[in-house]
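Student: Could you take me through the aromatic rings in this one? I'd like a close look at how they pair up and where they sit.

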Amino acid sequence: NSGITYVGGDVGTNSGLTTGFNPLLVTGMIHPSPDASTASAAADLLIVYNYLNMLPIDIELLYPAQFGNDLVLTPHTYLLNAATMLTGSMYMNAQNNPNAVFVMHVNGAFTTSTLSKIGLRNGAQAKNIYWLINGAVHVFDNSLFNGNIVAAGAITLNPGDTLNGRVMTINGAINISGSYI
């Protein structure tokens, strides 16, 4: 971490070191190096990653380069079978079901534009949205991101980003710079 980042939850790693977080700005535990808790979390993360990878795809979105642009999605497992750029806004519409689950399976890198927004409609909850990204993730400045990022690559959150959810990777560093998580 660099800059002033606020985290509502735990921060840690099971490989390397966790640095740059102000304990006054983290509501949970900071695990500066691998320990029993981070080992358990890493094992659980691998289970989640494998589970999400095995889910059958309901809908393939054919134009990942043009993802966003006020797109409204309903609860399904979606496939974006290439590097993907979220441009502008998109919305998750739970259709008045607070238990609705969304899975976005991206086979490639995932990037957002500056000021991008993933909005929630009709009872959608960030805790029920999973972004399985088989590549690097870069959320550009001042973006609003709802959901849990489960990646197989490096993750970067930029200044002014707000992430309602979790950010986790099975392989790669997480770099945060002045974000709200």
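Tutor: Let's start with Phe110, which is buried, with a relative accessible area of 0%. Keep in mind that this is a predicted model. Phe145 is buried too, at a relative accessible area of 1%, and a residue counts as buried when that value is under 20%. Now put those two side chains together: Phe110 and Phe145 make an edge-to-face aromatic pair, with 6.2 Å from centre to centre and 85 degrees between the planes. Phe110 belongs to strand β10 (residues 110-112) and Phe145 to strand β14 (residues 144-146), so this contact ties together parts that sit 35 residues apart in sequence.

Next, zoom out a bit. Searching the whole structure turns up five aromatic pairs. Another of them is Phe67 with Trp131: the ring centres are 6.3 Å apart and the planes stand at 75 degrees, so this pair is edge-to-face, since an angle over 60 degrees counts that way. Here again distant parts of the chain are linked, with Phe67 in strand β4 (residues 67-68) and Trp131 in strand β12 (residues 129-133), 64 residues apart. Both Phe67 and Trp131 are buried.

Terms used
Residues are numbered from 1 along each chain as its sequence is written. This is a predicted model: local features need pLDDT of at least 70, side-chain atom pairs count only at pLDDT 80 or more; totals for chains, interfaces and linings use all residues. Side-chain values use heavy atoms; hydrogens and water are left out. Rings of Phe, Tyr and Trp (its six-membered ring) pair if their centres lie within 6.5 Å; planes under 30 degrees apart count as stacked, over 60 as edge-to-face and the rest as tilted. Helices (H or I, at least four residues) and strands (E, at least two) are DSSP runs, numbered from the N terminus. Buried means under 20% relative accessible area, exposed over 50%, partly exposed in between (1.4 Å probe, protein chains only).
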